[in-house]
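Please have the sequence and the model at hand while reading.

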Amino acid sequence: MSSTRRAARASGSAWTRSTSTSSTCQISSSRSARSVQTRSPPSSRDPRTLLLGRERRSASPPPRRPGVVDRKDEIYWDGLAEAYKSGLVRNVGVSNYGGALLERAQEHLARQGVPLVSNQIAFNLLCRREGSLATLEKGNELGVRTLAYYPLAMGLLTGKLAARNLRQAVLEKRVSPQRAADLCRYLEGGSGGTAGDIPRNGVLPLLEAVSDVAAARSKTPAQVALNWVMCKGAIPVGGASSVSQVEDNLGALGWRLEPSEVGQLDAAADDLPFDFKGAGFQTTDSKFVGYGFERWVLN
């Protein structure tokens with residue numbers, strides 16, 4: 001499911017991807033239904049098919065060609081509606097929309113009889129400020145489900161990452177130096193890169209709280225962190241690179257943290273003076289698109 005985050009492109013197009021197939025469908029920013037270009041479109045009978053609208057950007061685009069004009073958000077929403085009405089997709093969602101824009105999008109689509117089902121944002125125990133939690137709460141109010149990417153903060157919340165292993169992975173060229181340096185800052189403290197200013201011991205106090213809850217529940221830290229996301233009303237989009245990680249993620253299902261445990265984790269997260277901003281070129285508020293970073297804000 002992590003591929004869905006790449007659905008929205010800076011070119012001003014919206015992309016669909018079936019979660020069960022590799023078929024894709026590009027929707028042009030033109031108003032006309034004739035602008036829909038398909039390559040093996042997903043079956044309209046597949047209830048898992050989701051079309052994600054473009055992300056909200058704040059950076060300047062590359063130089064425009066003569067005659068090319070800016071497009072308003074409504075143009076993209078009309079493209080989503082066209083795909084829905086033509087049967088190319090069963091569900092429509094957006095990515096990295098703050099609460100105000102989410103409400104505008106829902107109202108615009110509703111006037112065309114198109115339900116907005118989801119909004120995908122970065123959300124985890126280390127990523128609750130900068131509008132993430134408020135956006136989730138607005139989505140709950142509107143009935144728009146929040147899909148949480150980076151639910152484990154790139155592995156920081158699993159308790160398995162160690163700075164020495166990350167540095168060794170750089171030497172073996174298994175991890176980029178930029179990504180490893182940022183993750184080490186979160187673990188140990190430091191300044192610079194995407195992470196910014198992190199105090200000494202970084203996420204350790206929060207990891208201790210997560211581990212305490214995990215031990216009391218006979219769960220893993222990753223399962224507790226994922227379950228916390230679900231307790232907040234979001235759907236975690238967890239990644240996995242091995243069978244054991246898939247099995248670990250599945251262990252987050254079928255139970256719920258007690259309100260007191262959620263409060264315990266909230267308090268530990270609140271005590272940290274920083275938020276998770278991503279690592280290396282993968283960030284929670286921007287995307288590298290070839291000519292530079294394009295950024296968005298949720299609040």
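## The buried residue L136

L136 counts as buried because its relative accessibility is 0%, where buried means under 20% relative accessible area, exposed over 50% and partly exposed in between, with a 1.4 Å probe and protein chains only. The residue lies in helix α3; helices (H or I, at least four residues) and strands (E, at least two) are DSSP runs numbered from the N terminus.

Leaving aside residues up to four places away in sequence, L136 touches F123, T146, K232, G233 and A234, a contact being heavy atoms within 4.5 Å.

## Basis of the model

The model is predicted, so local features need pLDDT of at least 70 and side-chain atom pairs count only at pLDDT 80 or more, while totals for chains, interfaces and linings use all residues. Residues are numbered from 1 along each chain as its sequence is written, and side-chain values use heavy atoms, with hydrogens and water left out.

## Helices α2 and α3

Helix α3 spans residues 132–142, and its axis comes within 9 Å of the axis of helix α2, residues 99–110, with a crossing angle of roughly 25°. That angle makes α2 roughly parallel to α3, since angles under 35 degrees count as roughly parallel, over 145 as roughly antiparallel, 65 to 115 as roughly perpendicular and the rest as oblique. Axes here are lines fitted to C-alpha atoms, for helices over the stretch in contact, and angles run from 0 to 180 degrees between N-to-C directions.

On the α2 side, the contact involves G99, L102, E103 and Q106; on the α3 side, T135, K138, G139 and L142. These residues divide into 2 nonpolar, 4 polar and 2 charged; Ala, Val, Leu, Ile, Met, Phe, Trp, Tyr, Cys and Pro count as nonpolar, Asp, Glu, Lys and Arg as charged, and the others, Gly among them, as polar.

## The buried residue D182

D182 is found in helix α5, which covers residues 177–188. D182 also counts as buried, because its relative accessibility is 2%. Beyond residues up to four places away in sequence, D182 touches G192, G193, T194, A195, G278, A279 and G280.

## The chain as a whole

The chain contains 9 helices and 12 strands. Of its 299 residues, 49% are buried. Among contacts between residues at least 6 apart in sequence, 72% join residues at least 24 apart.
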